[in-house]
Amino acid sequence: MSFLASVGFFFFGVSLGTVLPRFPFLLMSRTRGFNTNFPPHPEPVPLSPHLTQRVLHMRMFYWLSFIVVLLPLSLGLASVRWGNAAFGFGLWTSSCWLILNRLQYFVGGMPPPWTTEMAVELQVIADKAELSGGCCNWTSPYWKVTGIYCVNCSARLSPMARPDLGRKRSERRPLGFLRLLLSDGYPIMAANDVDIATEEE
Ligand SMILES: [Zn+2]
């Protein structure tokens, strides 16, 4: 097999190993039926039990990739052993990278885009707003890209940036898909997002 073909197979393996374990977070919950309780992306999301639950679901999809990654890992092993070695190495490279990348959290690295603490904070802010002892008499907290704000008096209730919430993205399909893949669910403050955020404030 030519060198060029091997390189091609290697990168095909890398891409497959990158996309495959992220399927739960990339695809599940993106259909319209799943998002009837939320305004369309990228609009701010009102705090509610639905939102808290969504954060916990996204967290589950995130850790689910640890199970799904076994697929490209074993496929890679089989390829190295019996099939196309370059393809197998590609699969292994991206799968091991994903595992290392996610494990670094346990040794003090960056936390995942969705955590239980995040869900708790959302619920605490929502409960506080219900009691209306917060910023104003009609506190209604919304999660914008740059943090949680009261839409009534525009007070900032939390600086917590909004990660991807599994809604169908407003960009066209390949672009939204690529953006999700690159950001891995973390909040992205691209130029147009910041524009939206400041317009709303
Ligand atoms: Zn307020």
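Trainee: How far does helix 5 (residues 85-103) reach from its first C-alpha to its last?

Mentor: This is a predicted model, in which local features need pLDDT of at least 70 and side-chain atom pairs count only at pLDDT 80 or more, while totals for chains, interfaces and linings use all residues. Residues are numbered from 1 along each chain as its sequence is written, and helices (H or I, at least four residues) and strands (E, at least two) are DSSP runs numbered from the N terminus. Helix 5 has 19 residues, and the expected span of a helix is 1.5 Å times one less than its number of residues. The expectation here is 27 Å, and the reach of helix 5 is close to that value, at 26 Å.

Trainee: Which elements do the buried residues of helix 5 pack against?

Mentor: A residue counts as buried if 20 or more other C-beta atoms lie within 10 Å of its own, as exposed if 12 or fewer do, and as partly exposed in between, with C-beta atoms placed from the backbone. On that criterion the buried residues of helix 5 are Ala86, Phe87, Gly88, Gly90, Leu91, Trp92, Ser94, Ser95 and Leu98. Contacts are assigned where two such C-beta atoms lie within 7 Å, and the elements that these buried residues pack against are helix 1 (3-19), helix 3 and helix 4 (70-82).

Trainee: At what angle do helix 1 and helix 5 pack?

Mentor: The residues of helix 1 that meet helix 5 include Phe9, Phe10, Gly13 and Gly17, and their counterparts in helix 5 include Phe87, Gly90, Leu91 and Ser94. Axes are lines fitted to C-alpha atoms, for helices over the stretch in contact, and angles run from 0 to 180 degrees between N-to-C directions. The crossing is right-handed, a label given if the near helix is turned clockwise from the far one by less than a right angle, anticlockwise being left-handed. The two axes lie 7 Å apart, and the packing angle is about 35°.

Trainee: In what order do the four strands of the open sheet stand?

Mentor: Two strands pair if DSSP finds at least two bridges between them; strand 1 and strand 2 are joined in the antiparallel sense by two, strand 2 (residues 141-144) and strand 3 (residues 147-150) by four, and strand 3 and strand 4 (residues 156-158) by two, again antiparallel. These antiparallel pairings give an open sheet with the order 1-2-3-4. Strand 1 (45-46) and strand 4 each have a single partner strand, so one side of each is left without a neighbour, and the strands at the edges are therefore strand 1 and strand 4.

Trainee: Which residue in strand 4 stands opposite Ile148?

Mentor: Trp143 in turn stands opposite Ile148 in strand 3, where strands 2 and 3 form a hairpin with two residues between them. Strands 3 and 4 also form a hairpin, with five residues between them and a positive phi of about 55° at Ser154 in the turn. Across from Ile148, the residue in strand 4 is Ser158.

Trainee: Are the residues on the two faces of strand 2 buried or exposed?

Mentor: In a regular strand the side chains alternate between the two faces of the sheet. Strand 2 has Pro141 and Trp143 on one side and Tyr142 and Lys144 on the other, and both faces are covered, these residues being buried.

Trainee: Is Gly33 buried or exposed?

Mentor: Gly33 has its place in the loop between helix 2 and strand 1. Because Gly33 has 6 other C-beta atoms within 10 Å, its class is exposed.
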